[in-house]
Amino acid sequence: MDLDAAKQLAAEHGARGEVTAQLAVALSQAAVRASDETWRGALPGAELAYEAMRAAHRARPDDPAMAEAWVATGADLVEVLHRGLIEHGDLRLYLRATGVADETVRDAGDLGLPRLQGLVSLRLGLLLLDAYTAGRSPVGYESQFVAWMDKALQANDPDLQFLVSRPITSDGEPDQSSASASWPPPLEALDRAETHLREALPLIIPERRGRALKALAQAIEWRGWLGGERNDDELRSVAEQALRELDPDDTQPRLALAAMLQRLGDFGHGDALDRDLRDAERDWASFRARTEPATAWDILGQGASYLQETDPERALRLLARQRELPELWADDLHRSRHFHAVLTLFAEAYRPDWAQAAWDGDIEGTAGRAIAAVAEAASPEDSREAAAALLTVMLATTRPGVDREEEGLELVDTLFGLDAALWAEHEEAVHFLVAGLLRGAGVNRMHAGDVDDAGRYYREAADGFRELAMPVPMVQCLEYLDDVVRAGTTTLDELTAWLAAHSLALELAAPGSAPAAVHRLATHLLAGQVSAGTSAEVVQLLLQVIKGRRFAAMLAEGTRDFRLDEPTRSLLGLAAEAEAALPEDSDILRPEPFDAGLGDDDLLTAWVDEYEKGPSQTSEDRLAGLQRAVERRLSAALLPTSAPHLVPLAEIQRRLDSRTALLLLFEGAGVDGNVTMGQLLLTRDFEYAAIGTEQMPAGTLRMSDRGRTVTVPASGVYVGALRRAIHMSDPGPFDVTPQAAQDLAGAADRYARAVNNCRDRLTAAGVDHLVVVPHGAGRYVPVHLVGPPGHPLADDWNVTYLSNLAQLFVDPRPAPPRDGVGVFALSYTDQPELPPLDDSLDEARTIADVCGTTALVDAAATEAAFTRALETRRYVHLRAHGRLYVDAPSFHTVFLHPARGPEGHDGRLRAYEILPLDVTGLELVTLGACETALGRVDQYDNPRGLPAALLLAGARAVVGTLWPVLASASTYFFAELYRGLLHDDLDVPTAFRVAQRATRTRFSAYRDWGAFYLVGGLTRESTA
């Protein structure tokens, strides 16, 4: 169930008195405990408890138990949100926490609940303090804070992106009168944290005072580090009082305070703390077993800070232990903090005294002296001092307001020229520093207006962070490169070559965040290149980056080794239980309100993404929610293990025979911010590009109805309307309604202008086969039907499709030769839960007669028999009910006959179940089920659904239907198709054209003959 719907339901139960105070408090406390492991899993429980008690208190304001429970659950919710903010800077968590805390603190005072009032104030103060300081250092603070915020934004959650962006006015421009939500400045947040902590101190129980005082001391110290005023006497007093009131066994905060007092010149608090650290050093396994990973990480960091002055080598050994906390080491923000600490400690521990001048502003002089020290080094100790001096200067160039990273980069070769053994154990940290210097130099160049050099620095930084497996700063650099392109860089060719070489590696380095950045960068690069007047080679390379790069790599790799992991299997089990629990009268093919305000054709064009939301009111809704969860896991699991190179233009043209033209379609953002429709037409002998800009802002639409929310590309509504005009309106005595004819004529410019502009040239060259590689929502457009009234493209060309350009180049894996046709059909007369499918058996028998085989129908058409045919036959035909689950296209289903027994099947073959099959050698699958050529795509044009699964598993071609089609038209078309394949020995595209034209003579309505859609079918033999 969607969390918002669950919160509303909890509030309703609370208002009716159906949730006791004891139950709600128990739930919220359990959520706090669970948040130690996973705040995401704990948050729903805390939210539900809070909403139930808030509603209960409002319904019964005089009930003291409800009032106390409401404030208590508010305090717990703030604590769970606090854990989330430690991980990343999601502004929604901050706004929710401050909103809850402000309300509960105010009302707790009015209700006479001082202890709870103090607890909420304490937790909000801690949340604010940690949000701005946890795990950070004053050196490079700004970049660390930005990386923390970017980690949330890089998840590409449209709700968060909308929150932090300005609203758009009716003319498509940002609304300058409205400010977007944003984080408060650091000093303002620290002042607020300090205020809440001071307010909490007289109210909280004594056991919490020590930690509250420690947090107050941190806030005071950080205020000074970030440029505010700091009273050292007050800081010392608060820190000493905190040490007195803390539990002697509370190691981590005591270490932090001891280090703080050392920085103030007070070294008198170390003996007991030193013993605590030795316990961790002598028996690491025992320490690790009894200490939470986050606490252990902090103890090691605070211990290293405490030992920095007295025993730097021991401090570095402590920091090295952080690598043995894999739960945190895997997070690049934790690793970046570790690297900062290691480098700072190494530099401070071993640098000569004169190197301090770099921190005081003398970077140039100190750098010269450090270089001289390298040349004069006569011993390993001298070399180590010189290395520390170099690192000191390099670090000093990164300080906020200094902005001299290029001078730090000038020292890199000198540092690397030293004996690597001096810093080998800190090699990753040094490379991290270099990548950070490159990024900083790019920012400096950008501010100076030198966008070309900025782009070069950003590229090198992105490569460095990718090699370090640090996705957050890597994606940050990609976003900066996008700024470079939009600022008008003259290095478009350099950037294009770099992105073409590294795009998939960048995506795989950060599968959750990099694809959006790569796609955005490639789209703006393409717009810039086209505006500057570029070559077809550059255009097609960028189109390969933009159009389903991950799917292309998976086509080359195949999915034969794909297996479901245990969490996915568990979710599938829950989904199966939810499906079994559906009401008996539930419409399996079309449950309500499937086509409510958001109709089928609009939903089809929406991108499938992890933030898609659905209602949570009915049993069908809950099933869809589980299926969406499975979809997210399957998407994350379908990752290629290698990154094949992009194909050059000459190789594409070499693969085309003299009668074939390739039409690559593209929709994206132009340099003016409006939608750009691009077409690249390729033949063996020439290429032609047609680019048009529409008066429509490029972007996405968030569409909602009755609890369902989807993200639709700019053209989605247009495509949905075009499809409806063709297949949902009765044309009467015409082949197509006047409205549809008008729409298809307009669509010709959008999808076939390049073809029309080159019509004479194509005809003269004898080109009669047009292969369309669509993009995004355009996948669901019948391009073969576009054109002037009565003259669609299919009149002049055999129009077929490729799901991805890579289908031209995938070499079939070795497989035994196949023969024969498997023909399957179901009438559902023995499956009363499904509507009868009239004429399906007649279709199967007609096709079987053409093929010289026996059709497997009804009880014989089991899932096992069908998958066996996919793995053994040359051609396979199925006439059955199908359903595209728009919520989860991996569940795109054909309904076969269930088989009983211990190894039986439910008769529902889903797209994800096809992936592990070995269908290499299967030349063609024809699907007479409704909507079987459909599926959905993600924002990066990676298709999902039944045809996509068949292609990934190794099928060479799929024929399906774009919308429901007449049974008689289906029977006639497929019979003619197989007649051409088996009797006339035609290849698949030619047999498709013959069948299409024959069907058109009998069923002249566009919605009948135009429904059939061939994807693939171009083999090496037919294109060489």
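Asp403 sits in the loop between α21 (380-396) and α22 (405-409), where helices (H or I, at least four residues) and strands (E, at least two) are DSSP runs numbered from the N terminus. This is a predicted model, in which local features need pLDDT of at least 70 and side-chain atom pairs count only at pLDDT 80 or more, while totals for chains, interfaces and linings use all residues. Residues are numbered from 1 along each chain as its sequence is written, and side-chain values use heavy atoms, with hydrogens and water left out.

**Positive phi in loops**

- Asp403 is not a glycine, yet its phi is positive, at about 55 degrees.
- With 46% relative accessibility, Asp403 is partly exposed; that term covers values between buried (under 20% relative accessible area) and exposed (over 50%), using a 1.4 Å probe and protein chains only.
- Asp858 also has a positive phi, near 45 degrees, and is a residue other than glycine.
- You will find Asp858 in the loop between β9 (856-857) and α39 (863-872), and its relative accessible area of 13% makes it buried.

**Buried residues and their contacts**

- Glu194 belongs to helix α9 (residues 186-200) and is buried, at 8% relative accessibility.
- Leaving aside neighbours within four places in sequence, Glu194 is in contact with Leu216, Ile220 and Arg223; contact means heavy atoms within 4.5 Å.
- Ser803 lies in the loop between β7 (798-801) and β8 (821-825), and counts as buried because its relative accessible area is 8%.
- Apart from neighbours within four places in sequence, Ser803 is in contact with Phe551, Arg779, Pro943, Leu951 and Val1015.
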